[in-house]
Amino acid sequence: MIRSLAGALLIATAAAGVLVPPAEAATTRAGATASVTEAAAAVAAKPHLIRYKIYFGRCKDTCRIKVRITNTSSKRLYSVSVNARLKVNNRKVGSCHDYVGQIRPKGVRWGGCTVRTRSLSKMWNRWLDGEIRFDKQVNTVVHYEYYR
């Protein structure tokens, strides 16, 4: 009885196409690997249409962050916005957001925002008291849309 159940199970799985002969399995795996590699290359080859540089304005108990965004493509960029995260001594003290708008081909626009938080003020006061260093750094992300 066990042999008949095992045979029925083997026939059912073969009919469903779950079992693949070894030669086909090797080509299927190689084909899947090749398609994953091609997809990764396509993602890596995605065009970078902008360049940007970060500038600091006054940065004490409030911090002014300015970003110069350059469109390096021949396409008009729509809905450009900037998110900035401010850290002092590798500790997040605030973030801000700015909507820049459109940037024409080969054009330049400025975006900027101000961070005013309690933690930034406390870090500045601790620096004034001589307790800590005040090493500031900014991580920015620029979002944009374009039509092909």
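**Exercise 1.** Which handedness does the link of cysteine 59 and cysteine 63 have, judged by the angle about the S-S bond?

*Solution.* The model is a predicted one, in which local features need pLDDT of at least 70 and side-chain atom pairs count only at pLDDT 80 or more, while totals for chains, interfaces and linings use all residues. Residues are numbered from 1 along each chain as its sequence is written, and side-chain values use heavy atoms, with hydrogens and water left out.

Begin with the bond itself: cysteine 59 and cysteine 63 form a disulfide with their sulfur atoms 2.1 Å apart, a disulfide being a pair of cysteine sulfur atoms within 2.5 Å. The angle about the S-S bond is -105°, and the link is left-handed.

Strands are DSSP runs of E with at least two residues, helices are runs of H or I with at least four, and both are numbered from the N terminus. Cysteine 63, in strand 2, is the bridge partner of cysteine 59. Strand 1 and strand 2 pair in the antiparallel sense over 8 bridges, where pairing requires that DSSP finds at least two bridges between the strands. A hairpin of 3 residues joins strand 1 to strand 2.

**Exercise 2.** Find how many disulfides the whole structure holds, and state whether their cysteines are buried or exposed.

*Solution.* The search of the whole structure gives 2 disulfides. Besides the link already described, cysteine 96 is joined to cysteine 113, with an S to S distance of 1.9 Å. This pair links distant parts of the chain, since cysteine 96 belongs to strand 4 and cysteine 113 to strand 5, 17 residues apart. With bonded cysteines counted along the chain, the pattern is 1-2, 3-4.

For accessibility, buried means under 20% relative accessible area, exposed means over 50%, and partly exposed lies in between, using a 1.4 Å probe and protein chains only. Cysteine 59 is buried at 12%, and cysteine 63 is buried at 0%. Cysteine 96 is buried at 12%, and cysteine 113 is buried at 8%.

**Exercise 3.** Determine which residues of helix 3 are buried, which are exposed on the face turned away, and what covers the buried ones.

*Solution.* Helix 3 spans residues 118-128, and its buried residues are Leu120, Met123 and Trp124. Seen down the helix axis, these buried residues fall within an arc of 100°, so they line one face of helix 3; the arc is that of the directions from the helix axis to the C-beta atoms. The face turned away from the buried side carries the exposed residues Arg118 and Lys122.

The cover over the buried residues of helix 3 includes strand 1 (50-59), strand 2 (63-71), strand 3 (77-88), strand 4 (91-103) and strand 5 (108-115). Just after helix 3, glycine 130 takes a positive phi of about 85°.

**Exercise 4.** Describe the geometry of the aromatic pair of tyrosine 78 and tyrosine 147, and then that of tryptophan 124 and tryptophan 127.

*Solution.* Rings of Phe, Tyr and Trp (its six-membered ring) pair if their centres lie within 6.5 Å, and planes under 30 degrees apart count as stacked, over 60 as edge-to-face and the rest as tilted. By this rule the count comes to 5 aromatic pairs. Tyrosine 78 and tyrosine 147 form a tilted pair, 5.2 Å centre to centre with 55° between the planes. Tyrosine 78 lies in strand 3 and tyrosine 147 in the segment after strand 6 (136-146), so the pair ties together parts that are 69 residues apart in sequence. Tyrosine 78 is partly exposed at 27%, whereas tyrosine 147 is exposed at 59%.

The rings of tryptophan 124 and tryptophan 127 have their centres 4.8 Å apart and their planes at 25°, so this pair is stacked. Both residues lie in helix 3, and because they are 3 residues apart they are separated by about one helical turn. Tryptophan 124 is buried at 14%, while tryptophan 127 is partly exposed at 37%. Together with Phe134, Trp124 and Trp127 form one aromatic cluster.

Notes. Contact = heavy atoms within 4.5 Å.
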